[in-house]
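Thank you all for coming. I would like to walk you through one model this morning, so please have the display open while I talk.

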Amino acid sequence: MLTTALMISACHQDNEDYMTQATIRLDGGDTLKIEHVQAMAHLTNLNSRHVVSTADFTGAEVRIELLRGAYQAHVEGIISYDDAQGARHVKAFRAVSDYIELVNNSEVKLSIIFLD
Amino acid sequence: MKRIPPIILLLFGLLLSAEAVSLDSVYTDRFALWRYTRSEALQNPAMMTDAYLKSFTQLSAQCDYQKQSDAFCLEQGTGLFMPEIQVNSYIRLTSSSVVWGEAAYANGKHFDKVYNNVADLELLYPDIIADSIGGDTHRERYLFSGGYAAEKGRWQWGGELKYRAEQEYRTYDPRMRSIVSDLTLRAGTSYAVGRYHLGGFGEGNIYRQTADVDFYGETNGMGELQMTGLGTSYVRFSGSNRDIFYEGKGVAIGIDLTPHHESGWFSHLRHALHQYERISDEYNAMPLTTLYRQQTGITAGWKRKTANSNQAYLLHASYDKRASDEHVVGSASGQDYPILTDLTMYKQHHWDVYAAALYGWDHWHLLARAGYLSQRQWYAYEERKMEYARIYGELTAQWLKAVGNDLMLNIHATGGYAGHIDSKLLMPFANMTPSITEYINHTFRYQKASYTHAEAGIRADYQPTSWSTGLFAEASTRWTFCSEDEHESRLHLSLGIIF
């Protein structure tokens, strides 16, 4: 019994690896080349409903440090892109997902839709 | 009339006085503050072989009443009314073996519990189910325990089993109902080395509680919060998810060094680990959180007992850590929810360190204690902290004596003060709802307060020499005054027989 107790006493370690660096990449399909994004990305933790927001896009992607977990994502703003013919467009867009897993330096693609 | 020879009168007087001393020593053995120096060692069932001088069985009916002018801890409510019947027995079978046991039944009420809809808050905090409405609860408890210990040569060994069954419920919305079963098995041994007993024990515990909350009123269907510490909750599975159960298990070990004849050095070390998993019934037995609790306590001291006086000095330190892992649940696949990862979001560190001195002479005992107490609670993200520290001092006096041959009195009084020396609160108030903000502020208000308490009690045992059964009555009261201008009163009454 003593041995069992001592063995179990060494079992639990606190899980303190709380944060992860997640990358959200906007996906406009093969025919679009995204140049600039000016948008707010809101990530809502499904466990706590805590919302993390950022507008710090580099090209089509944004990197954000947040608590590891399951999230809802909502990105909305203005996008500047070149179409297949090389013509530049600026349009309003939205990209959403009701469930993404951001656990271990995850990269997630979100499909965009244009609002006009 | 024939005169009785003086020598016979003298012998008769001596016998009576010897009987009085004997009764006195038995009574002192059972009730004197001196037992305080042995209470931890007696956690080892092997040490029970000489726990008491004489066999006894006590049957009592008792009642505890407690009322606070404002809840010092919202989750525990403003007080309780708890009548109980109890049987305790300690019987020496042979010169080297004993059995002991206890059976108790209590049925009473708790007043105005808020933010807590489970039983056994002390075990499960912070992983409880809660709402801001709360109310009075009914509580019913059955307790059974028994043990056996024997000695052979230099060895003593013993075993003990304890079982507690309990239910707590509310008869109006929110209708909480918790049903608890709690089984503990303990086995220990000790070996006589020189003037000392060196002992050790191991303990295993199995715990289960089912807890659900119902609303019968159509307009009362508010959600329940799956609390995760310092006002946070597992929002995703709160609301209509109101049926949960806890599965717990635990182990403990202890090591003791105790002198044979109540004089010498003594020490006691206890280390216990328990874990309680909170599982959702409504999501296919999905684990929501697991609470890991680690308790370590060490006591070391020296005592000496002589015919005229006894004295003991000891140092005690205990550390109690709670760490709650939240299981981050993924997207459902069929009926199963995968666990993505575990995060230790809540931690609590509780320290209690004190020095105590006990001095007894004639029919008196004095016990003085002074110590330091601190508790730190922390939630990882968004970061929350609640901390407090107190220093405290307490003096207890006891007068214990056989009055004549029939009546024995035990009168005691205690006074003490716990003063706040440090506190800290860190909360993301901007992101908190008004009700949770109020809950946190209320909790912190009483954690950072100072407390003064006074207690007095008397127990009288009446047993004429011609009776095989004695009667006893006991009454005690305790008053606690908080620096927040609130107070608590407690009353304990007990009546019973002892044989």
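This is a predicted model: local features need pLDDT of at least 70, side-chain atom pairs count only at pLDDT 80 or more; totals for chains, interfaces and linings use all residues.

Let me begin with the open sheet of chain A, in which five strands follow the order β3-β2-β6-β7-β9 with antiparallel pairing. At its edges stand β3 (51-54) and β9 (113-114) of chain A, and because each has a single partner strand, one side of each is left without a neighbour in the sheet. Further in, β6(A) and β7(A) pair in the antiparallel sense over 13 bridges, and you can find H74(A) opposite V96(A), which belongs to β7(A).

Now to the cores. The largest nonpolar core has 35 residues, and those with the most contacts inside it are L26(A), V37(A), A41(A), Y71(A) and V75(A). The elements that give two or more residues to this core come from both chains, including β1 (19-27) and β2 (33-45) of chain A and β13 (286-305) of chain B, while β6(A) gives the most, with five residues. If we set aside neighbours within four places in sequence, L26(A) is in contact with several residues, among them I34(A), V37(A) and V75(A). A second, separate core has 25 residues, including Y115(B) and Y246(B).

Finally, how many residues does each chain bring to the contact? Chain A brings 23 residues and chain B brings 28 residues. On the side of chain A that touches chain B, α1(A) gives the most, with five residues, and by class that side has 10 nonpolar, eight polar and five charged residues.

Definitions and conventions:
Residues are numbered from 1 along each chain as its sequence is written. Chains are lettered from A and ligands numbered from 1 in the order in which they are written. Two residues are in contact if their C-beta atoms, placed from the backbone, lie within 7 Å. Helices (H or I, at least four residues) and strands (E, at least two) are DSSP runs, numbered from the N terminus. Ala, Val, Leu, Ile, Met, Phe, Trp, Tyr, Cys and Pro count as nonpolar, Asp, Glu, Lys and Arg as charged, and the others, Gly among them, as polar. A nonpolar core is a set of buried Ala, Val, Leu, Ile, Met, Phe, Trp, Tyr and Cys residues joined through C-beta atoms within 7 Å. A residue is buried if 20 or more other C-beta atoms lie within 10 Å of its own, exposed if 12 or fewer, and partly exposed in between; C-beta atoms are placed from the backbone. Two strands pair if DSSP finds at least two bridges between them.
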